[in-house]
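Dear colleague, please find below some notes on the model you asked about. Kindly read them beside the sequence and the structure.

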Amino acid sequence: MKSIRLLTTALAVVALTSPALVAAAAPGPGDVPPGHAKKDTLRWVAPKGFHIGSAAAGGGHHESQPYPDPFTKDLEYRAVLAEEFSSVSAENQMKWEYIHPERDRYNFGMADAIVKFAQQNRQVVRGHTLLWHSQNPAWLEQGDFTADELRAILREHITTVVGRYKGKIQQWDVANEIFDDSGKLRTTDNIWIRELGPGIIADAFRWAHQADPKADLFFNDYGVESVNAKSNAYLALIKDLKAQGVPVHGFSAQSHLSTRYGFPGDLEANLKRFAALGLGTAITELDVRMDLPADGVPTAEMLAKQADYYNRTLVACLNVKGCDSFTIWGFTDKYSWVPVFFQGEGAATVMWDDFTRKPAYHALQCTLAKESVKRGEHHPRLPACAK
């Protein structure tokens, strides 16, 4: 596949906008890694109505890496993304610094391409994210704005971005990581909460709902897999907002896990607390990083533990009514964010660099297939473990 990845930039850009070229350029059955034959994928065996997703790599830290933008340039990557998943998230391409780089200019190119790709491949889209303390552009963070100006900027941004994709994005992470680990609002590093007060959170949900009444609107955070101070803070806040009639529809746990720590065994019980409020729940950014040996190659035991973490997270979601969106934060180590931010850790995804499958992949596939059988859905081809 090396020659495909060395195609010219012009061809890659054309492929983004031409369904015919996307189909023609995608690797055929004889070219893809073993196991990627039609009807042998995660989305194929998943229960109806359950969306198995991945982040579309690109933007953010990828811009400083020694390879071109994955989503745009790697056609093999795009083919696997289309085959394996029924949901796509923008890893960085819808964050403020990328989509709104200047006050009076939006950069919709990559977000548009992701949404179009999803439509062509019968996938839903998760939008990420509208109100966050991180990855904001310098013009915003360093600007000298009044409170009224900041409020107008946020409203205009949400209205513009959500409105552009009205009817095309299933779920939005409206407010992302608004609490610290102790369950306190980020009143120092979150520009919106610091300058406008906590009431801006409700306004963000209202504005997003006005821009797209059919989109499900979520709170999203890391470290909320267990019943703890942070998840308790979300539970209390959401109860209060719902009592006020604020359109909050869901709560999601990112689930960036590490095998150096124990698995959050109360994940299912925690999600059920939010489901009891009438909310949808989701796993939105799952990866499981490992402390790698000196040679960088995980042992069989390490891979088995990683597979267990992936599988237990999926089982927890499947056991919660309304948890029907399960997203892994990238599917191949080739483009994972983990080694960039966690020195000495890696191999966090379900596929190797060459897109061959790890034990974690097979664990997810088997559990999804078993759940389909459990729900009375029968496929002509299921993994042997599901029969």
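1. Confidence at the start of the chain.

2. Basis of the notes. This is a predicted model, in which local features need pLDDT of at least 70 and side-chain atom pairs count only at pLDDT 80 or more, while totals for chains, interfaces and linings use all residues. Residues are numbered from 1 along each chain as its sequence is written, and side-chain values use heavy atoms, with hydrogens and water left out.

3. Confidence overall. The protein chain has a mean pLDDT of 90, and 89% of its residues reach 70 or more. Among its elements, β5 has the highest mean pLDDT (99), and helix α1 (residues 2–5) the lowest (30). Helices (H or I, at least four residues) and strands (E, at least two) are DSSP runs, numbered from the N terminus.

4. The largest nonpolar core. A nonpolar core is a set of buried Ala, Val, Leu, Ile, Met, Phe, Trp, Tyr and Cys residues joined through side-chain atoms within 4.5 Å. Buried means under 20% relative accessible area, exposed over 50%, and partly exposed in between (1.4 Å probe, protein chains only). The largest core has 105 residues, of which W172, I178, W192, F219, F326 and F331 touch the most other members. Helix α12 (residues 199–211) gives the largest share of this core, eight residues. Apart from this core lies another, of five residues, including A55 and W329. In soluble globular proteins, nonpolar side chains tend to be buried together.

5. Helix α12. Which residues of α12 are buried? They are I200, I201, A202, D203, A204, F205, W207, A208 and A211. These residues pack against β3 (124–131), α10 (147–164), β4 (171–176), α11 (191–196), β5 (216–221) and α13 (229–243).

6. Helix α8. The 12 residues of α8 (residues 109–120) should span 16 Å, and the end C-alpha atoms are 16 Å apart, which agrees. Its buried residues are M110, A111, A113, I114, V115, F117 and A118. R122 follows α8 and has a positive phi, near 55 degrees.

7. Residue S336. This serine lies in the loop between β9 (323–328) and α16 (338–341). S336 counts as buried because its relative accessible area is 9%. Its side chain reaches the backbone nitrogen of V338 at 3.1 Å. Not counting residues up to four places away in sequence, S336 touches H61, A348 and T349.

8. The disulfides. There are two disulfides in the structure, each a pair of cysteine sulfur atoms within 2.5 Å. In the disulfide of C317 and C323 the sulfur atoms are 2.0 Å apart. The torsion about this S-S bond is about -105 degrees, so the disulfide is left-handed. Both C317 and C323 are buried. C366 and C385 form a disulfide, with sulfur atoms 2.0 Å apart. This pair links distant parts of the chain, 19 residues apart: C366 in helix α17 (residues 359–374) and C385 in the segment after α17. C366 counts as buried at 13% relative accessibility, whereas C385 is partly exposed at 35%.

Technical notes
Contact = heavy atoms within 4.5 Å. Polar contact = N/O pair within 3.5 Å; in protein donor to acceptor, adjacent residues only side chain to side chain. Expected span 1.5 Å × (residues − 1). pLDDT = per-residue confidence, 0-100.
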